[in-house]
Amino acid sequence: HRALTLRHRYLDFSHGLVSESLNYCAESLCLLGRGCEGVPLALHAVEIRGSVFGARHPARAHALGILALCYFSIGRFGDAKIHLEECLEICEVAFHENHANVIPNLMNYGNVLRSMGDLKGARAAYQRAIAIHGWNFREEGQQYRQLEECKAAMRELGQLGQPGGSHEIDDGCSLASEVTCQVTCLTMSHSSRRGSCSTMSSLPDQSAVDLMRKQIGVQIGGTVTSADIECKGTPVIVFTDIGRDVDDEMALVLLSSLRRKGLLNPIAVITTLSPQKDRAELARGSLDTVGMADVPVGVGGPGGVADGVELEVYEANHAMSSPSICDSGIELACQALESVPPKSAQILCLASLSDVASLIEEHQDLFTSKVKEVVVMGGVMPPQSGDALTPDTAYNNNCDMPSAEFVYRKCQELGVPTATLARWAAYGCPIRPALMDELAKTKHMV
C-alpha cells in the first residue's frame, strides 16, 4: 500500500508501475478475504496495462488473472472464468507452446470450472498443467509444490466422482499428446468482451468457497441479522435508470461511501427504463469500480416506455456484460427482501415507479412485512389536511403515472411510510460544477 501511495504521488496514475502496485494490493486484499475491495484496484490495473502495453500484452494478462482471483473470492465464478479465459488466450499467443507461465493460470482455471460444477473441464485444465510442468521441470524437485497442487486437485476430482479422475496421474510428458489439443477448449475469443503472463497465487479451492455467498446466478448475501444492521447499516434496494444522466451514477458513488461508513447496506440494485439490460451493465461496472462488486444487479422492466422504444444510455468504458446480472429484477428484489429482518429494508427509487408497483402488486405480503420505508426521487401534489398523497408531474412519475399513483396509494393503505425528495431540494442545495472537474482529476474509471 505504501508503494502504491508513493507511485501514485510521484508518477502519473496511468503509469505502468502504478498498475503493478495496484495488482499487488488487489492480490493481497483478495488473499486476506477482502476481494471485494480488490476488484476496483484490479479493474484499474487492467485498464492501465491495456492502455500502456496493449490489449494482447502478457502484462495485461497478468492483471486479468488478478481480477479473476478477486471475482472468484466473492463468488462471482462466471466473471472469474471469463477473465481467466482471456488471460489464457493472450498467454497462448504471447509465449511459446507449453510455456511454464501458463501453469498457474491453468490451475486457477481448473479451480473455477470445478466450483461451477464443470468437473470434466477442470480435469482437462489440471491435466494440461501437469503435462506442461513435465515439459519444463524434468529434474526432480523443481517446482515440486506446484506439481503437488495439481495432483491434489486431480485426486479431489476423483473423490467427487468425475469419471477418470481417480486414474493414475502421469507426472511428465506422456500427457502432452492427450491435452495439447485442448487449448482451444480452454480458451475462447473475447473480441466482444472487456476485459504477466501468470497469476502465481492460486485461487481458493472449493473447501474455501463453501462459506461464500449462495450461488443463484447472482450473488445474494446470506440472511441479514439485526446485528448486521447495527454494524453495516440499513438494508436498501435501489431502483435506478442509470445512464440517462449522471445523477444516478453519482448516487452509486455516494452509496459506496455510505456503505463504508456503515450507514447503508445495499442488498440489490435494479435497473429500469428501456434499454434496461444496457443500464444493468452500466450499473454492474459502476458498482464494481467503487468497491461494491458483491452487490447484485438485476434487470427490471421498461419503466413505462412503449415497446420497441429505447432511450439514451451514455457510453462508459467501465460498463460490463456479466453473467452475475440477474435477468429478473423482481425475483432479485424478492430474494433480497427475504434475507432481511421484518420492517428493516428501505426501497430507494431513483427512476420510474413501474418496478416498485410490480413488486407490491405481485408480492404484497413480502413487501409489507419487510419494507420499513419507500424513498422516492420525484414529487407529490401539495397535500390538504386529511388527503392522501398523490404524485405530481415530476419526470419519474410521468414515465408511468398509473404505477406512481398505485405505489403511493398502496403504501398509504398498507401503512408503509414514504419519503419523497422533490426537485426543489436540488435547487436549494446545488452541487458545485467544479466538483465534477475535481472528480475527473482522480482518473477513476467512473
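Reply: Leaving aside neighbours within four places in sequence, G78 is in contact with M116 and P323, where contact means heavy atoms within 4.5 Å. The model is a predicted one, in which local features need pLDDT of at least 70 and side-chain atom pairs count only at pLDDT 80 or more, while totals for chains, interfaces and linings use all residues. Residues are numbered from 1 along each chain as its sequence is written, and side-chain values use heavy atoms, with hydrogens and water left out.

G78 sits in helix α5. Helices (H or I, at least four residues) and strands (E, at least two) are DSSP runs, numbered from the N terminus. Between G78 and M116 there are 38 residues of sequence separation, but their C-alpha atoms are 7.9 Å apart in space.

The next topic is charge. R76 and D79 form a salt bridge, with 3.0 Å between the closest N and O atoms. The term requires a side-chain nitrogen of Lys or Arg within 4 Å of a carboxyl oxygen of Asp or Glu. Side chains of opposite charge can pair when their charged atoms come close. R76 counts as buried because its relative accessibility is 1%, and D79 is buried too, at 3%. Buried means under 20% relative accessible area, exposed means over 50%, and partly exposed is in between (1.4 Å probe, protein chains only). The pair belongs to a network of salt bridges that links R76, D79, R284 and D288.

Beyond residues up to four places away in sequence, L43 touches L67, Y71, D288, T289, M320 and M445. L43 is also one of the residues that touch the most other members of the largest nonpolar core, along with L22, V39, L67 and Y71; this core has 56 residues. Such a core is a set of buried Ala, Val, Leu, Ile, Met, Phe, Trp, Tyr and Cys residues joined through side-chain atoms within 4.5 Å. The helices that each supply at least two residues of this core are α2 (16–31), α3 (35–53), α4 (58–73), α5 (77–94), α6 (102–115), α7 (119–136) and α8 (144–159). Helix α4 gives the largest share, 10 residues. A separate second core has 33 residues, among them A357, L366, V371 and A404.

Q146 lies in α8 and, at 11% relative accessibility, counts as buried. Apart from residues up to four places away in sequence, Q146 touches I103, P104, M107, H133 and F137. The helix also holds E149 and R145, four residues apart, about one turn of the helix. These two form a salt bridge with closest N and O atoms 3.6 Å apart. R145 is exposed at 67% relative accessible area, whereas E149 is partly exposed at 30%. K151 and E148 make another salt bridge, at 3.8 Å from N to O. They are three residues apart in α8, so about one helical turn separates them. In this pair K151 is buried at 15% and E148 is partly exposed at 23%.

Elsewhere, helix α15 (residues 329–338) is largely enclosed by the rest of the structure, because eight of its 10 residues are buried. Those residues are G329, I330, L332, A333, C334, Q335, A336 and L337.

For the chain as a whole, there are 21 helices and eight strands. The salt bridge count is 17. Of the 446 residues, 53% are buried. The accessible surface comes to about 20,300 Å², with 54% belonging to carbon and sulfur atoms; such areas come from the Shrake-Rupley method with a 1.4 Å probe, and for residues only the protein chains shown count as cover.

Last, confidence. The mean pLDDT of the chain is 85, and 85% of the residues score at least 70; pLDDT is the predictor's confidence in each residue, from 0 to 100. Residues 162–219 have pLDDT below 50, and this stretch has 153 contacts in the model beyond near neighbours in sequence. Where pLDDT is low, the predicted coordinates should not be read in detail.
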